[in-house]
Every structure is written in structure tokens, then in C-alpha cells.
Amino acid sequence: MYTLIAGTQEWSSWSLRPYMALMATGAKFKLTVIKLRQPEAKRAILQQSPAGKVPVLKFGSVTVWDSLAICETLAERHPKAGLWPRDAKLRAKARSYASEMHSGFPDLRSQLPMAFASTLPMPDLKPETTGQIDRIVAAWEEALKKHGGRHGFLFGKFSIADCMYAPVVSRFTTYGVKTPKRVKTYMDKVWALPAMQNWLKASQKEIDAGVGRFAA
């Protein structure tokens with residue numbers, strides 16, 4: 001039995017990623033959500049993680065923090081879930097995609113923060129942000145054209161690469177980013193996943209409760 005400690009679902013893009021991976025494994029887990037941007041949030045998170053950040057995965061005596069580390073742990077523990085491509089070359093490429101997202105695109109994150117269940121106007125974008133959006137769209141187009149196949153995800157079957165970019169699908173949806181047809185089809189496919197729909201319902205409940213309302 002896993003426990004995933006996440007942040008406010010409307011905002012926490014990092015928490016969404018391992019949630020997607022956990023759902024893909026089919027394993028049972030408990031989701032505990034800590035309300036972010038509250039005076040007590042930092043103390044509550046430090047009780048769960050030495051890094052003082054969410055997400056955190058716990059099972060038995062093991063604590064794993066950082067979204068990519070959690071996804072890698074789940075891939076290792078649940079090989080039948082196929083969270084990485086079987087082919088070694090394709091797996092290396094998928095890992096590169098995931099890591100690029102994990103460590104990059106700071107201006108996109110800053111200017112288009114995740115507001116999962118919201119629809120917001122597009123701000124005036126910096127050239128750096130526009131360039132990062134273009135890079136993501138081009139990377140998606142290339143992966144989908146070469147590897148999407150009949151399954152329609154970045155590397156054929158759903159993988160950690162898709163988990164890592166799921167919050168970008170959310171951001172593009174929230175701010176109405178225009179994308180080519182192939183990319184839009186991919187976004188629709190990701191958005192329709194049960195994990196994304198569960199997250200959407202939870203985010204909307206947070207907004208209705210006044211917890212996750214977007215504040216610029």
C-alpha cells in the first residue's frame with residue numbers, strides 16, 4: 001500500500017506526475033493532500049520529507065521524494081506497467097524527454113503556472129517563454145510522428161515521459177495555447193485519461209471550497 005503526499009491539486013504540477021504513474025501501475029494507494037500557500041504548509045511537508053517539498057511517496061519504511069525519483073521507483077517496482085519503453089534506445093530517448101521537462105522550461109513554469117481546473121487569459125509572453133513553448137510542441141510532434149503509433153502517446157504506450165508532460169497539457173489547456181493537429185490530438189488523449197479526470201474533479205472541488213482559487 002502506497003501513500004502519495006501531494007500538494008494542492010489545482011496548483012501542484014509536481015504532484016500530478018507521480019499520481020499519473022501510480023494510476024498507470026494499477027497499485028492501491030492513499031492520496032494525502034497538503035494545502036499549499038498556507039502558514040502551516042511548510043511544517044506539514046517537513047514532517048513527511050527532508051527536502052520540504054511535495055510530492056512524497058511512502059511504502060513500508062521507504063520514503064521517496066522528487067517527482068521523477070518517484071516515477072523511476074514505480075517503474076522499477078512495477079515492470080509490467082511498462083512505464084518506460086522496452087527498447088533500450090527508445091527508453092533512453094524517453095528518459096531524455098522526461099529529464100528535459102524535469103530540469104527545464106523555467107519561464108513557462110513562471111508565466112503559465114498550473115491552474116488545473118481553470119481557464120485563464122494568456123499573459124504577454126516573454127520571448128524565452130514563447131521559445132520554450134515552441135520547443136515542447138516541436139518535441140511532441142517529433143516523438144508522436146516517429147513513435148506514437150496506434151497507442152498515440154509520446155513513445156507509443158503511456159510512459160513516464162507522458163507523466164512528466166501532463167502538467168504542460170494542463171497549462172496549454174488553461175491558457176488556450178494553440179497547437180498543431182497532431183499535438184492537439186495527443187493533448188486530448190492525455191486529458192481524457194482517468195487519472196487526469198480524477199485530478200480535474202479534485203481541483204474543481206478545491207476551487208469550490210476556496211482552496212485552489214488562482215491568485216496572480
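Predicted model: local features only at pLDDT ≥ 70, side-chain atom pairs only at ≥ 80, totals over all residues.
Before we look at single residues, a word on terms: helices (H or I, at least four residues) and strands (E, at least two) are DSSP runs, numbered from the N terminus.

Residues are numbered from 1 along each chain as its sequence is written, and side-chain values use heavy atoms, with hydrogens and water left out.

Let me begin with the chain as a whole. It holds nine helices and four strands, and read from the N terminus the order is β-α-β-α-β-β-α-α-α-α-α-α-α. The radius of gyration is 17 Å, which agrees with the value near 17 Å for a compact globule of 216 residues; that radius is taken over C-alpha atoms, and the globule rule is 2.2 Å times the number of residues to the power 0.38. Along its principal axes, the C-alpha trace spans about 45 × 45 × 25 Å.

Of the 216 residues, 50% count as buried, where buried means under 20% relative accessible area, exposed over 50%, and partly exposed in between, with a 1.4 Å probe and protein chains only. If we take contacts (heavy atoms within 4.5 Å) between residues at least 6 apart in sequence, 70% of them join residues at least 24 apart.

Turning to the elements, helix H1 spans residues 13-25 and is largely enclosed by the rest of the structure, because 10 of its 13 residues are buried. Among those buried residues are Arg-17, Pro-18, Tyr-19 and Met-20. After H1 comes Gly-26, with a positive phi near 80 degrees.

Leu-57 stands opposite Val-64 in S4, and of the two residues between the strands, Gly-60 takes a positive phi near 55 degrees. Pro-55, in the loop between H2 and S3, is joined to Val-54 by a cis peptide bond with omega at about 10 degrees.

Where do we find a positive phi in a residue that is not a glycine? One of these is Arg-37, at about 60 degrees, which sits in the loop between S2 and H2 and is exposed, with a relative accessible area of 55%. Another is Phe-105, with phi near 60 degrees, in the loop between helix H4 (88-103) and helix H5 (106-111); Phe-105 is buried, at a relative accessible area of 7%.

Gln-38, in the loop between strand S2 (29-34) and helix H2 (41-46), is partly exposed at 35% relative accessible area, and its C-alpha atom is separated by 9.8 Å from that of Val-211, 173 residues apart along the chain. Lys-181, the residue we began with, counts as exposed at 72% relative accessibility; Lys-181 and Asp-208 are 27 residues apart in sequence and 33 Å apart in space, C-alpha to C-alpha.

How values were computed. Pairing = 2+ DSSP bridges.
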